[in-house]
Amino acid sequence: MVVAVYPGSFDPVTLGHYDIIRRSAKIFDHVIVGVLNNTAKTPLFSLEERVKMLEDAVMDIDNVSVESFEGLLVDFVKQKKTNVVIRGLRALTDFDLEMQMAQSNRIVAPEVDTVFLSTSIEYSYLSSSTVKEYAKYGVDLKGFVPECVISKLIDKLS
Ligand code: ADP
């Protein structure tokens, strides 16, 4: 049974994230979406809100669960008794940072490997920040975030 952890801020979850989750769930036996409680960042949505939106979004995928974590990703991964991390890659701009992160994780935990999934082309421009910006200016969010996130974004930014 191969379990993989897909970590991120998910502030909020987008269809780009959802696509990575759905595709990972076909590759691995179980996918744990790890929502990071990053005290250095001030997210728009609370940790609980981000977890809830993800839970609603992935309800239709049997082998996916959502958990929050704090501290080092590799500690969370080990606590989940696995050694696989999933990350999504959109463009070269992601690559630098992701490579750095994967390599520094391997320095502190050599048994932990990162698997990169390339974005589906229709989501290559999509990020949580873009979505928040769109929401602020009343852009229709259909096609950018899961249905259950749309009203939450509108409520939050109105
Ligand atoms: P973080 O703050 O950890 O980067 P994010 O929620 O922004 O958290 O992203 C989580 C992961 O999902 C990252 O690996 C990021 O590259 C990936 N990701 C974000 N948006 C997309 C997208 N549109 N397509 C594919 N991967 C994505």
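User: Where is Y137?

Analyst: Y137 is placed in the loop between α5 (128–136) and α6 (147–157). Helices (H or I, at least four residues) and strands (E, at least two) are DSSP runs, numbered from the N terminus. This is a predicted model, in which local features need pLDDT of at least 70 and side-chain atom pairs count only at pLDDT 80 or more, while totals for chains, interfaces and linings use all residues. Residues are numbered from 1 along each chain as its sequence is written, and side-chain values use heavy atoms, with hydrogens and water left out.

User: Is Y137 buried or exposed?

Analyst: Y137 counts as exposed because its relative accessibility is 61%. Buried means under 20% relative accessible area, exposed over 50%, and partly exposed in between (1.4 Å probe, protein chains only).

User: How many residues surround the ligand, and which are the closest?

Analyst: The ligand is surrounded by 17 residues, and the closest are Y6, S9, G88, Y123 and L126. A residue is near a molecule if one of its heavy atoms lies within 4 Å of it.

User: What about the side chain of R90?

Analyst: A polar side-chain atom of R90 lies 3.3 Å from a nitrogen atom of the ligand.

User: How much of the ligand does the protein cover?

Analyst: On its own, the ligand has 550 Å² of accessible area, and the protein covers 87% of that. Such areas come from the Shrake-Rupley method with a 1.4 Å probe.

User: Back to F10. Where is F10, and is it buried or exposed?

Analyst: F10 is found in the loop between β1 and α1. With a relative accessibility of 2%, F10 counts as buried.

User: What is the phi of F10?

Analyst: The phi of F10 is near 50 degrees, which is a positive value in a residue other than glycine. K81 also has a positive phi, of about 60 degrees, although K81 is not a glycine.

User: Where does K81 lie, and is K81 buried or exposed?

Analyst: K81 lies in the loop between α3 (73–79) and β4. K81 counts as exposed, since its relative accessibility is 77%.

User: Now D11, please. Where is D11?

Analyst: D11 is in the loop between β1 and α1, and P12 lies in the loop between β1 and α1 too. The peptide bond that joins D11 and P12 is cis, with omega about 0 degrees. Because D11 has 6% relative accessibility, D11 counts as buried.

User: What does the side chain of D11 contact?

Analyst: A polar atom of the D11 side chain lies 2.9 Å from the backbone nitrogen of F45. The side chains of D11 and K132 are joined by a polar contact of 2.9 Å. A polar contact is a pair of N or O atoms within 3.5 Å; within protein, one must be able to donate a hydrogen and the other to accept it, and residues adjacent in sequence count only if both atoms are side-chain atoms.

User: Where is F45, then?

Analyst: F45 lies in the loop between β2 (30–36) and α2 (47–57). F45 counts as buried because its relative accessibility is 2%. F45 and M1 are 44 residues apart in sequence and 33 Å apart in space, C-alpha to C-alpha.

User: How far apart are L15 and F144?

Analyst: In sequence they are 129 residues apart, whereas the C-alpha atoms of L15 and F144 are 5.5 Å apart in space. L15 is in helix α1 and, at 17% relative accessibility, counts as buried.

User: Last one: what does S127 contact?

Analyst: The side chain of S127 makes a polar contact of 2.7 Å with the side chain of T130. S127 lies in the loop between β5 (113–118) and α5. S127 is buried, as its relative accessible area is 18%.
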